[in-house]
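Let's take a friendly walk through this model, from its inner spaces to its aromatic rings. Have the sequence and the 3D view open as you read.

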Amino acid sequence: MVIGKSSVTVDDVAAHAGVSIKTVSRVLNNEPNTTEKTRAKVMAAIEQLKYQPNPSARRLASKRSDLIMLAYDNPSDNYLINVQQGALDACKRYFYSLLLQPCDYRSSDLAEQIEQAARQRTCAGVILTPPLSDVPALIEALDRGDMPYVRLAPSFPSAKGLEVSTDDRCAARDMTRYLLSLGHRRIGFVAGHPDHGAAHERLRGYLDALAEARLDADDGLVEQGLHSFDSGVTCGERLLSLADRPTAIFAGNDDMAAGVLYAAHARGIPVPKALSVAGYDDTPLSRQTWPKLTTLRQPIQEMAYAAVEQLASREPQARVRTLGYEILVRDSTQKLG
């Protein structure tokens, strides 16, 4: 018998998976004491039968909200696309819905805005992306309340919040080491937005690698960007206009690195023959530039997925999760000379 999509019930899923209705319910509600093998059987049955759980019914039955808020204020669309995709993938896995909440992190009533929006929609929790994750007044307000929250890439600890991050300082140090291994000694650096804690960690990593190589840090080789393409163009123009210009430029995110590439092309400077350029994040943009960007793969989607998992899963979750990174060597860097 072919079961129509609209008529599929929990009973059908249980029968198809060969488990009890209670087991299906435990899987749908992310309850513990279910093996991964059993969960996989139930999920396969749900997929094959095209079963759609009723969010309202689940919310009433479990007395839990099925909505997670993703709050953001970030100039990089490429970063946000990755965050949203990772969060949506996890929401699908745990049968949650995602609410996108744009914010102005400089707003004087930021904490009130986020808390009010979360209460009005009875959210199960809030995910804060940079720079929201580094606003002290917001974090203090959330710590005083009872709303679960997760911070992506925070630069300081909180009293109650969960955290997901990568080691930005070590990653930036390793990328700078890589450029040094290619023979570059005058390496420019385009720092990210000063209100993002991770931006400072990346600058520290760059300086760490120079110190290890016994090279003096040159303030003239460091430009302040804003995580945007336009700021990358401006910073690239400044660095490339120096009488003794750098032979390599490392930008604190892919948007700014793409801006540096634009500035180099405008000046007729061939990349990577006369200038190596590296980025950070491995956003889709890094594979769309010419040449394709050497970049540091920050697992943005995985970080967002883990953040949802910390809020949605009933299994015990680590309060602080640190994910790895990877240098992806592409066409925008090569050995000096």
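## Inner spaces

A cavity here is a set of grid points where a 1.4 Å probe fits but cannot get out, and its volume is the space filled by probe spheres set on those points. Keep in mind that you are looking at a predicted model. A search of the whole structure turns up 3 cavities of 30 Å³ or more. The largest cavity has a volume of about 130 Å³.

Which residues lie closest to the centre of the largest cavity? They are Asn 74, Tyr 79, His 196, Arg 202 and His 227, out of 13 residues that line the cavity. By type, the lining of the largest cavity splits into 4 nonpolar, 7 polar and 2 charged residues.

## A look at His 227

His 227 is worth a click of its own. You will find His 227 in the loop between β7 (222–224) and α10. Is His 227 buried or exposed? Its relative accessible area is 7%, so His 227 is buried, given that buried means under 20%.

Leaving aside residues up to four places away in sequence, His 227 touches Pro 75, Ser 76, Gly 192, His 193, His 196, Ala 199, Asn 253, Asp 255 and Met 256. One of these contacts, His 196, is also among the residues closest to the centre of the largest cavity.

## Aromatic pairs

A pair of aromatic rings is described by the distance of the centres and the angle of the planes. The structure holds 3 aromatic pairs. In one of them, the rings of Phe 189 and Phe 250 have centres 5.3 Å apart and planes at 80 degrees, so this pair is edge-to-face. Because Phe 189 lies in strand β6 (residues 187–191) and Phe 250 in strand β8 (residues 248–251), the pair ties together parts that are 61 residues apart in sequence. Phe 189 and Phe 250 are both buried. Ring pairs also bring Tyr 206 into a cluster with Phe 189 and Phe 250.

Phe 229 and Tyr 262 form an edge-to-face pair too, because their ring centres are 5.8 Å apart and their planes stand at 75 degrees. This pair links distant parts of the chain, with Phe 229 in helix α10 (residues 229–240) and Tyr 262 in helix α11 (residues 254–266), 33 residues apart. Phe 229 is partly exposed, at a relative accessible area of 33%.

Arg 202, one of the residues closest to the centre of the largest cavity, lies over the face of Tyr 280, at 3.7 Å from the ring centre. The charged end of Arg 93 sits over the ring of Tyr 94, 4.6 Å from its centre.

Note on methods:
Residues numbered from 1 in each chain as written. Predicted model: local features only at pLDDT ≥ 70, side-chain atom pairs only at ≥ 80, totals over all residues. Heavy atoms only, no water. Phe/Tyr/Trp six-rings, centres within 6.5 Å; stacked < 30°, edge-to-face > 60°. Helix = DSSP H or I, 4+ residues; strand = E, 2+ residues; numbered from the N terminus. Buried < 20%, exposed > 50% of the residue type's maximum accessible area, 1.4 Å probe, protein only. Lys NZ or Arg CZ within 6 Å of the ring centre and 35° of its normal. Contact = heavy atoms within 4.5 Å. 1 Å grid on protein atoms, 1.4 Å probe; cavity = no way out; pocket = protein on both sides within 12 Å on 5 of 7 lines; lining within 4 Å. Nonpolar A, V, L, I, M, F, W, Y, C, P; charged D, E, K, R; others polar.
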